[in-house]
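The sequence and structure come first.

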Amino acid sequence: MSQKYADIIIDISHEAVDRTFQYIIPEELQGSIEIGQQVLVPFGNGKTERKGYVINITDKPSYDVDKLKSIGCIPDKSLALEGKMIKLAAWMKEKYGSTMINALKTVMPVKEKVRQVAIKSQEVEYVIEKGPVEELSYEQKSLVDEFVKDYNTGILRTYLLRGITGSGKTEVYIECIKNVISQGKQAIVLVPEIALTYQNVARFKQHFGERVAIINSKQSKGEKYREFMRANQQSVDVVIGPRSALFAPCKNLGLIVIDEEHDNAYKSEQTPCYHARETAIERGRLEGASVILGSATPTIESYCMAKLGTYRLWELKERPKGAELSKVSVVDMRQELRLGNRSIISKELHDLIEDRLSKKEQIMLFLNRRGYNTFVSCRECGEVIKCPKCDVSLSLHNNGFMMCHYCGYIERHPKECPKCKSKLIGGFGTGTEKVEEEINKLFPAAKTLRMDKDTTTKKGAYSKILTDFLNHKADILVGTQMIVKGHDFSNVTLVGVILADMSLFANDYRSGEITFDLLTQAAGRAGRSEKSGQVLIQTYQPEHYAIMSAAKQDYEGFYDMEMSYRRLLRYPPVYNMMVILMESENENKLIAASKGIFKELSELAKGMDNTRAIGPSDATISKINNVYRKLIYIKSSDEYELKKMMDKIEEYNIENINITLDVNPVKMY
Ligand code: ADP
Ligand code: ZN
Ligand code: ZN
């Protein structure tokens with residue numbers, strides 16, 4: 001047997017993972033040592049023994065072998081929670097092409113004391129509109145029954161709950177969690193963003209009271225650590241939070257719920273670019289926990305898995321109180337223009353708003369602005385003002401400044417065009433501010449609220465706006481996609497989508513899916529109570545399949561079209577797609593390196609059956625903060641071949657060139 005070596009970390013914490021020590025694995029232990037295994041090792045001058053964890057096993061020593069000591073013994077064969085988290089990190093490293101250190105840093109809690117000042121502030125006011133639900137509907141109950149039967153007989157699996165908006169998915173989660181807790185286990189509930197789903201969080205509070213830990217992105221590291229430790233000491237049964245709450249060190253995990261599983265927030269933007277859905281399923285496998293994914297519009301990936309039978313498909317097709325789904329209609333804005341209406345509000349939408357105002361009912365106006373900004377351009381020569389350090393146009397803000405959303409660069413709005421000196425230079429594009437202005441002009445008596453990036457920067461701003469709207473302090477809420485997530489306003493009977501197609505223009509293979517999701521979620525905001533709701537979608541592309549299926553509220557129809565498109569163009573989930581992002585301040589060096597890398601990868605791909613390399617090309621934003629960016633794409637339907645590509649890329653260590661991998665990205669590069 002060849003000699004093997006283990007890299008070991010002594011203190012298992014986020015801060016210590018950089019310090020690894022190498023030890024010889026004695027022959028008698030070779031068969032029983034795996035990644036994550038706890039071991040006892042001689043430490044310091046060799047007189048003391050300490051506990052450590054194996055994070056890597058290799059046959060090549062990185063140090064002088066004569067100086068290496070041997071592992072002492074294995075105190076306990078079974079893997080402790082820490083060991084399982086290390087295994088999870090190792091899985092992430094393989095799956096997403098990261099270093100072990102970065103993967104470990106992602107799964108390990110950051111140890112930090114809570115500063116006294118930080119504790120008191122924060123708490124969001126959780127407004128609860130109604131009391132707890134008395135009885136589950138027949139549909140809900142049959143799902144919960146199935147879960148209980150599976151769970152109590154030791155069947156662990158992934159369930160995909162596709163339930164129309166307002167079908168009561170949260171009640172299903174809560175009942176399943178209660179069963180898990182009754183077995184002495186804990187649950188993690190992931191939500192896209194706490195502030196945006198605070199009504200749901202309030203319902204968990206209602207049920208589980210003090211036994212819930214809530215993690216949010218505005219907490220300090222210390223506060224987060226304190227909540228994580230409450231989970232570790234089992235003083236809570238449920239942890240709720242965004243993506244990173246997946247790594248809460250629950251000792252006794254029984255269930256992971258991912259609400260709104262289609263949300264992009266579940267994909268990490270830092271290496272390892274992990275997806276919380278895939279990672280949750282792996283954590284569940286390692287720790288013996290079930291997983292429930294829920295959405296009105298599941299990702300194509302998840303629905304495909306459910307159709308294949310890998311996930312158990314659950315459906316909720318009705319709203320428990322029998323509230324009808326809203327009536328949805330589409331307005332062709334090209335036709336509006338032909339009829340001479342240049343306003344961003346169509347005649348039909350105008351009339352409906354008037355009607356609702358007269359009945360004292362509320363209205364939500366949603367502007368789909370994904371990937372879109374108000375930029376400054378010259379009406380005479382067409383010049384667009386760009387950031388000097390990034391290849392993007394500057395966004396105009398109402399304070400008269402233009403800002404780069406990538407590097408923070410700020411400049412005053414110019415008085416004349418820097419190119420042709422024309423005075424006809426100004427903001428172009430439709431923003432939420434513009435919509436609000438237009439509404440105030442058309443309906444001067446109506447009170448409006450606006451919710452977007454600019455109005456929600458302050459702590460507590462989200463819940464203030466939502467609570468005010470809930471209490472009918474305004475008639476109309478204008479906002480970006482922030483307003484379409486799970487809020488439940490019973491007095492809203494009209495939802496207007498100002499421009500449905502903006503997200504279709506993004507150069508992203510998922511733009512159809514994103515558009516369909518947004519429109520479906522937006523439509524779900526209307527008619528949540530006895531009063532029936534109506535949804536009006538304004539678009540320049542009424543014939544697009546994403547818009548047509550959303551108007552018909554036809555998920556299956558959309559899925560079929562989308563899958564055939566993905567199959568045709570070899571996109572996920574049919575193929576895995578890996579982005580290789582290469583960055584450098586030195587443009588010439590980057591050009592040469594990206595060509596060289598591409599040549600080698602194509603060479604490697606030639607020997608493979610199901611893998612292709614595409615590129616190199618400029619990134620969509622080819623320069624950020626004076627750093628140039630180039631891309632190579634790898635499309636592969638074979639995990640083994642893809643892994644070989646990753647290994648090859650890992651070998652590259654080119655000075656001044658930074659390489660990042662993202663497998664199945666959900667954002668544009
Ligand atoms: P979803 O997350 O599926 O959009 P929610 O879980 O937010 O739906 O539920 C929508 C509304 O229906 C909530 O106000 C909830 O309290 C209510 N609800 C859920 N289940 C029932 C039930 N069985 N009976 C009465 N009301 C219910
Ligand atoms: Zn000009
Ligand atoms: Zn910039």
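Pro616 is found in strand S25 (residues 611-624); helices (H or I, at least four residues) and strands (E, at least two) are DSSP runs, numbered from the N terminus. The bond that joins Gly615 and Pro616 is a cis peptide bond, with omega about -15°.

This is a predicted model, in which local features need pLDDT of at least 70 and side-chain atom pairs count only at pLDDT 80 or more, while totals for chains, interfaces and linings use all residues. Residues are numbered from 1 along each chain as its sequence is written, chains are lettered from A and ligands numbered from 1 in the order in which they are written, and side-chain values use heavy atoms, with hydrogens and water left out.

**Backbone features**

Another cis peptide bond runs from Pro572 to Pro573, with omega near 5°. Pro573 lies in the loop between helix H16 (555-569) and strand S24 (576-584).

Asn625 is found in the loop between S25 and strand S26 (627-636). Its phi is near 50°, a positive value in a residue other than glycine. At 38% relative accessibility, Asn625 counts as partly exposed. Here buried means under 20% relative accessible area, exposed over 50%, and partly exposed in between (1.4 Å probe, protein chains only). Glu260, not a glycine either, has a positive phi of about 50°. Glu260 sits in the loop between strand S10 (253-259) and helix H8 (276-287), and with a relative accessible area of 12% it is buried.

**Zinc sites**

Donors are N, O and S atoms within 2.8 Å of the metal (3.2 Å for Na, K and Ca); water is not among the atoms, so sites may look incomplete.

| Ion | Protein donors | Distance | Spacing in sequence |
|---|---|---|---|
| Zinc ion (ligand 2) | Cys378 (SG), Cys381 (SG), Cys417 (SG), Cys420 (SG) | 2.3 to 2.4 Å | C-x2-C-x35-C-x2-C |
| Zinc ion (ligand 3) | Cys387 (SG), Cys390 (SG), Cys404 (SG), Cys407 (SG) | 2.3 to 2.4 Å | C-x2-C-x13-C-x2-C |

Around the zinc ion (ligand 3), the four donor atoms subtend angles of 108 to 111°, so the arrangement is tetrahedral. Four donors count as tetrahedral if all angles lie between 85 and 135 degrees; four count as square planar and six as octahedral if opposite donors are over 155 degrees apart and all others between 65 and 115; anything else is irregular. Cys390 lies in the loop between strand S15 (375-378) and strand S16 (395-396), and Cys407 in the loop between strand S17 (401-403) and strand S18 (410-412), so the pair ties together parts that are 17 residues apart in sequence. Cys390 is buried at 2% relative accessibility, whereas Cys407 is partly exposed at 24%.

The zinc ion (ligand 2) has donor angles of 106 to 114°, which makes its arrangement tetrahedral.

**Cores and buried residues**

A nonpolar core is a set of buried Ala, Val, Leu, Ile, Met, Phe, Trp, Tyr and Cys residues joined through side-chain atoms within 4.5 Å. The largest has 108 residues, of which Leu104, Val239, Met578, Leu601 and Ile634 touch the most other members. Helix H1 (residues 81-96) gives the most to this core, with eight residues. A second, separate core of 29 residues includes Leu136, Leu143, Cys176 and Ala187.

Leaving aside neighbours within four places in sequence, Leu104 is in contact (heavy atoms within 4.5 Å) with Ile9, Val17, Ile55, Ile86 and Ala89.

Ile174 lies in helix H5 (residues 169-182) and is buried at 0% relative accessibility. With neighbours within four places in sequence left aside, Ile174 is in contact with Arg203, Phe204, His207 and Phe208.

**Overall dimensions**

The protein chain has 18 helices and 27 strands. Of its 669 residues, 54% count as buried. Its C-alpha trace spans about 85 × 65 × 55 Å along the principal axes.
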